[in-house]
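Visitor: I would like a close look at a single part of this protein. Please keep it brisk.

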Amino acid sequence: MGRGKIEIKRIENANSRQVTFSKRRAGLLKKAQELAILCDAEVAVIIFSNTGKLFEFSSSGMKRTLSRYNKCVDYPDGAIVEKTEKQDSKEVDVLKDEVARLQKKQLRLMGKDLNGLSLKELYHLEQQLNEGLMSVKERKERLLKEQLEQSRLQEQRATLENETLRRQIEELRCLFPRTECTVPSYLEYYPVEKKNSSANQSVIGPDQASNYAAEKGDSDTTLHLGLPTDVYRKRKAPEKEMHSNDSGSNIGL
């Protein structure tokens, strides 16, 4: 069954009037909040009860909404738009003039567009350039000093590291002293051949002595070259046979 319509007029009963006010006030504030959230609108509600109590709701702050309301009331919509456009155009003109002035100043600092300047303005411009040059030189000297100081610190660190490495090397040398390794001579390796050769030298003739000397020299050469003695003897055997054949033919003649 549907709800019946209520006649819109003042409720005479005070209690019923207070109950209806509380219910309808809560519903109105709820609807205002929903409208602000759903439609992204700026909503403000101000309610005074018959007893003088204040009830309010504002989605963006009551002061801000009231100031905006006062501006809209004081100026119509067309006047506000026109005034805003004029302010924007003035700001754009001011910014354009400022950009042109800065560009002209930059050109003059670079030594260009100096025709319209007086002697006083040129002197002032020269002072500005000198001050800027001094600032650049000071900054450059400061950076060079910082780099030099860093180089000195790096040099000191490298010197300390080298000194530490030297000390470590000296400590290792003390722990592991040098041992001089003497290379044994050929006579120490072959003492028997030395004795036999000395005994054979007293018996052999002059031709054999010369052959022995040649063989000894060759054997020393083989030792220097690192060849084994067996290989050397095999190579020298044909040469000895040829030498003996030549000596026999000479005797037959």
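How many residues lie between S1 and S2 in the hairpin, and which residue in the turn has a positive phi?

Guide: Five residues lie between S1 and S2 in this hairpin, and Gly 52 in the turn has a positive phi of about 100°. Bear in mind that this is a predicted model.

Start with the strands. S1 covers residues 44-48 and S2 covers residues 54-58. They run antiparallel, and five bridges join them.

Now the faces of S1. In a regular strand, side chains alternate between the two faces of the sheet. In S1, Val 45 and Ile 47 make up the covered face. Ala 44, Ile 46 and Phe 48 make up the uncovered one.

Ile 46 and Phe 48 belong to a nonpolar patch on the surface, together with Leu 54 and Leu 66. The four residues have about 390 Å² of accessible area together. Leu 66 comes from helix H2, residues 62-74. Its relative accessibility is 38%, so Leu 66 counts as partly exposed. Buried would require under 20%, and exposed over 50%.

Next, the loop. Ser 49 lies between the two strands. Its relative accessibility is 12%, so Ser 49 counts as buried. The side chain of Ser 49 makes a polar contact of 2.9 Å with the side chain of Thr 51. Beyond its neighbours within four places in sequence, Ser 49 is in contact with Phe 21 and Phe 55.

Of its 253 residues, 6% count as buried, and Ser 49 is a buried one, at 12% relative accessibility. The chain holds eight helices and two strands. From the N terminus, the order is α-β-β-α-α-α-α-α-α-α. The chain exposes about 23000 Å², and carbon and sulfur atoms supply 56% of that area. Among contacts with a separation of 6 or more, 16% join residues 24 or more positions apart.

Glu 126 sits in helix H4, residues 119-175. At 47% relative accessibility, Glu 126 counts as partly exposed. Glu 126 and Leu 109 are 17 residues apart in sequence, and their C-alpha atoms are 8.9 Å apart in space.

Key: Residues are numbered from 1 along each chain as its sequence is written. This is a predicted model: local features need pLDDT of at least 70, side-chain atom pairs count only at pLDDT 80 or more; totals for chains, interfaces and linings use all residues. Side-chain values use heavy atoms; hydrogens and water are left out. Helices (H or I, at least four residues) and strands (E, at least two) are DSSP runs, numbered from the N terminus. Buried means under 20% relative accessible area, exposed over 50%, partly exposed in between (1.4 Å probe, protein chains only). A polar contact is a pair of N or O atoms within 3.5 Å; within protein, one must be able to donate a hydrogen and the other to accept it, and residues adjacent in sequence count only if both atoms are side-chain atoms. Contact means heavy atoms within 4.5 Å. Patches are made of residues with over 30% relative accessible area and no salt bridge: like charges are joined within 9 Å, nonpolar side chains (Val, Leu, Ile, Met, Phe, Trp, Tyr) within 5 Å. Accessible areas come from the Shrake-Rupley method with a 1.4 Å probe; for residues, only the protein chains shown count as cover. A salt bridge is a side-chain nitrogen of Lys or Arg within 4 Å of a carboxyl oxygen of Asp or Glu. Two strands pair if DSSP finds at least two bridges between them.
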